[in-house]
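Dear colleague,

Please find the structure below, handed over for your files. My notes on what was found in it follow directly after.

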Amino acid sequence: KYNGKTIFALLKLNTPLSYMTLFWKDIVMTPSVVARRGVFEKAGKFSSRMLCEHWDMWIRMFLRAPFIVVDRPLVICRHLGDNISQTRCLEMRMGELYIREKYKGEFIRRGGSKKELSERMYRIHKGIARELFRQGRVREARPHLWAWWKARPLRLKVAWRLLRTYV
């Protein structure tokens, strides 16, 4: 309960749930959430623009009401080789990039480090560029390679090696 009202119940976590934790990690299991209907309605529906639509919704809900962590397992998960997280890595990374871009202003307002944000965005762009190069989609990889290089200009040799490898 929070101020006498039950708001959310979530999967057991090892770290306290804060906006920063939710911003960096997609840790909320969809079937483990219990919330009042009004909170869902205020947050809006799942966005079908990306693969990480549930993560976007949890952040929107968190910005409207606090989360409470239930200190016991509520959901059992199994991960198979053909899970979406295994077979659609590029789409997952693109969704992660979308989330970080959409909520980076809120992250900074809540005291997040611009340097840390830049470092993590660099890693996402790097992963997307690599995957696109592996698939032979060089034209689509260029903006991500450029964003990666802008975040780490001293990595020119690494970027050049990547271009030579996949082009």
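In these notes, a contact means heavy atoms within 4.5 Å. With that criterion, Glu106 touches Tyr19 and Leu63, leaving aside residues up to four places away in sequence. Glu106 is located in helix H5; helices (H or I, at least four residues) and strands (E, at least two) are DSSP runs, numbered from the N terminus. Buried means under 20% relative accessible area, exposed over 50%, and partly exposed in between, with a 1.4 Å probe and protein chains only. Glu106 counts as buried because its relative accessibility is 18%.

Two remarks on the source are needed. This is a predicted model, in which local features need pLDDT of at least 70 and side-chain atom pairs count only at pLDDT 80 or more, while totals for chains, interfaces and linings use all residues. Residues are numbered from 1 along each chain as its sequence is written, and side-chain values use heavy atoms, with hydrogens and water left out.

Overall architecture

The chain has eight helices and two strands, and along the sequence these follow the pattern β-α-β-α-α-α-α-α-α-α. Of the 167 residues in the chain, 37% are buried. Among contacts with a separation of 6 or more, 68% are between residues 24 or more positions apart.

The nonpolar core

A nonpolar core is here a set of buried Ala, Val, Leu, Ile, Met, Phe, Trp, Tyr and Cys residues joined through side-chain atoms within 4.5 Å. The largest such core has 37 residues, and those with the most contacts inside it are Leu22, Trp58 and Phe67. At least two residues of this core come from each of helix H1 (19–24), helix H2 (37–43), helix H3 (53–62), helix H5 (89–109), H6 and helix H7 (138–151). H6 gives the most to this core, namely eight residues. Leu22 touches Ile27, Val28, Trp55, Trp58, Ile59, Phe62 and Phe67, again without counting residues up to four places away in sequence. As general background, nonpolar side chains in soluble globular proteins tend to be buried together.

Aromatic pairs and charges over rings

Rings of Phe, Tyr and Trp (its six-membered ring) pair if their centres lie within 6.5 Å; planes under 30 degrees apart count as stacked, over 60 as edge-to-face and the rest as tilted. A search of the whole structure finds five aromatic pairs. The rings of Phe23 and Phe107 are stacked, because their centres are 4.6 Å apart and their planes are at 20°. Phe23 lies in helix H1 and Phe107 in helix H5, so this pair ties together parts that are 84 residues apart in sequence. Both Phe23 and Phe107 are buried. Trp24 and Phe107 form an edge-to-face pair, at 5.1 Å centre to centre and with 75° between the planes. Since Trp24 lies in helix H1 and Phe107 in helix H5, the pair ties together parts that are 83 residues apart in sequence. Trp24 counts as buried at 12% relative accessibility, and Phe107 counts as buried at 1%. One aromatic cluster is formed by Tyr19, Phe23, Trp24, Phe62 and Phe107.

A charge sits over a ring if NZ of Lys or CZ of Arg is within 6 Å of the ring centre and within 35 degrees of the ring normal. The charged end of Arg100 sits over the ring of Phe23, 5.6 Å from its centre. Arg110 lies over the face of Tyr19, at 4.8 Å from the ring centre.

The expected span of a helix is 1.5 Å times one less than its number of residues. For the 21 residues of helix H6 (residues 114–134) this gives 30 Å, and the end C-alpha atoms are 30 Å apart, in agreement. The buried residues in H6 include Leu117, Met121, Ile124 and Phe133. Just after H6, Gly136 takes a positive phi of about 80°.

H7 has 14 residues and reaches 20 Å from its first C-alpha to its last, close to the 20 Å expected. Its buried residues are Val138, Ala141, His144, Leu145, Ala147 and Trp148. Trp149, also found in helix H7, is partly exposed, with a relative accessible area of 25%. The C-alpha atoms of Trp149 and Lys126 are separated by 8.7 Å, although these residues are 23 apart along the chain.

Yours sincerely
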